Amino acid sequence: MQNKKLYLILGVCIAAALVMIAAVLIILRANDARIEFSIPEYSVETVEFGGEWTAPEVKAYLKGNIFNKSGKEIEVTREGDANTSELGEYRIVYSASADLVSGSAEYVVKVVDTTPPVITLAAAKSEFLYVGDTYAEAGFTATDAVDGDLTGSVTATDIDTSTPGQKEITYTVTDQSGNVCTATRTVVVREKPAPTQVIDSPPSTGGGVIYLTFDDGPSAYTATLLDILKKYNVKATFFVTGSGDRSLIAREAAEGHSVGIHTLTHEYSKIYASVDAYFADLNAVNEIIKEQTGEYSKLVRFPGGSSNTVSKKYCKGIMTQLAAELEAKGYKYFDWNVSSGDAGGTTVSDTVYTNVINGVRGKAYSIVLQHDIKNFSVNAVERIIVWGLNNGYTFAPLTPDSPTVHQHINN
Ligand SMILES: [Zn+2]
């Protein structure tokens, strides 16, 4: 009986001791225990709209109790996500718990828009305006990654076309995040040219002006022609091509003659295939002229003249279009009101001479068509000059301000 009592007391004591030990262990374990994350407790990341973003890998460690001095990795759970295709602030919480302690780290993602919109300007409708013209907006679009189409929100400054010069239009648009885009368009305003004076050949009793013009060169006869013109100090006009010795074009300009654009190839099927083809040919000759004379020319003579019908075969209505486009681009084209006949009518110098003086007679202004690729035509020039000077005529080179002759356009 005594023994039984003793055992009971002992049992109770052992049980109490065990409970005490367990309590001490629990206290020791929880004492000062904490959870540490591989990121700060609070952090903020900024991400551009539409950018790539993935939630960071976060680790958590249980630290601070006597059993886990170095820290034991424990499981982490994440709540929340960020969507970079929508502006805003996203809160992500990482949490972990173990041994009666728990902890969390907050990770904030700010999806922002710092990219300005983009303004795209449509190509200008014309290369320049004349003083007093109204600028017609060529068009523009504005887009933004976040806001989409912002074309309606674009503002454009006005330009003053009352004076010549380079004018700038500034286009501005701002997106909802306050990002600003500006674009600039330069508009050239030119002085209005004097209206084209078309010669109607009023009668003259001598004293008229003769514009000698020579097409299709330079050629083997051009140097001789230049010598003749120099001898009488007569200035003429050369509508040049891409053939022949190009340095003669430089000489023509250096000796005071006008250099105009005729054609690079003189192949009707190519030149009159389209408006673009025509201007490609024209620009190619003008590059040669620039290279030889230092300046682009504004003077043009159409291969075959503006009244040619051969172009009909290649492009209907092209001469009408070209005549208008040349004027719009600031060029001036010249046909002729006196033909020497050297393009087919004759192959004789005497006849060239007679054709020219008969044509010139009685005209206040004569634009004479000759070709410096024809030896017999060049050979008539000296006599034409002598006759003109003896009869009170003046010889002059064509300039953009000269009166012009426009034949009837037939295509
Ligand atoms: Zn020609």
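Author: Asp149 in β11 is the bridge partner of Thr143. Strands here are DSSP runs of E with at least two residues, helices are runs of H or I with at least four, and both are numbered from the N terminus. Two strands pair if DSSP finds at least two bridges between them. β10 (residues 140–144) and β11 (residues 148–149) pair in the antiparallel sense, over 2 bridges. A hairpin through 3 residues joins β10 to β11.

This is a predicted model: local features need pLDDT of at least 70, side-chain atom pairs count only at pLDDT 80 or more, and totals for chains, interfaces and linings use all residues. Residues are numbered from 1 along each chain as its sequence is written, and side-chain values use heavy atoms, with hydrogens and water left out.

β8 (residues 118–121) runs antiparallel to β10, joined by 4 bridges.

Next, β14 (residues 180–190). It is joined to β13 (residues 165–174) by 10 bridges, and the two run antiparallel. Lys167 stands opposite Val187 in β14. The two strands form a hairpin with 5 residues between them. Gly178, in that turn, has a positive phi of about 90°. β14 also pairs with β9 (residues 129–130), this time in the parallel sense, over 2 bridges. There, Tyr130 stands opposite Arg190 in β14. The covered face of β14 holds Cys181, Ala183, Arg185, Val187 and Val189. The uncovered face holds Val180, Thr182, Thr184, Thr186, Val188 and Arg190.

Now backbone geometry. Most residues other than glycine have a negative phi, and most peptide bonds are trans. Asp216 has a positive phi, near 80°. Asp216 lies in the loop between β15 and α2. Its relative accessibility is 14%, so it counts as buried. Buried means under 20% relative accessible area, exposed over 50%, and partly exposed in between (1.4 Å probe, protein chains only). Pro218 is found in the loop between β15 (209–215) and α2 (222–231). A cis peptide bond joins Gly217 and Pro218, with omega about 0°. Asn233 also has a positive phi, near 50°. Asn233 lies in the loop between α2 and β16 (237–241). At 56% relative accessibility, Asn233 counts as exposed.

Last, the packing. A nonpolar core is a set of buried Ala, Val, Leu, Ile, Met, Phe, Trp, Tyr and Cys residues joined through side-chain atoms within 4.5 Å. The largest one has 50 residues. Leu212, Leu229, Tyr278, Leu322 and Leu326 have the most contacts inside it. α5 gives the most to this core, with 7 residues. Leaving aside neighbours within four places in sequence, Leu326 is in contact with Tyr278, Phe279, Leu282, Val300, Phe302, Tyr331 and Tyr333. Contact means heavy atoms within 4.5 Å. A second, separate core of 21 residues includes Ala33, Val47, Ile92 and Val109.

α5 (residues 275–293) packs against α3 (residues 247–254) at an angle of about 65°, with the axes 8 Å apart. Axes are lines fitted to C-alpha atoms over the stretch in contact, and angles run from 0 to 180 degrees between N-to-C directions. On the α3 side, Ser247, Ile249, Ala250 and Ala253 make the contact. On the α5 side, Ile288, Gln292 and Thr293 do.
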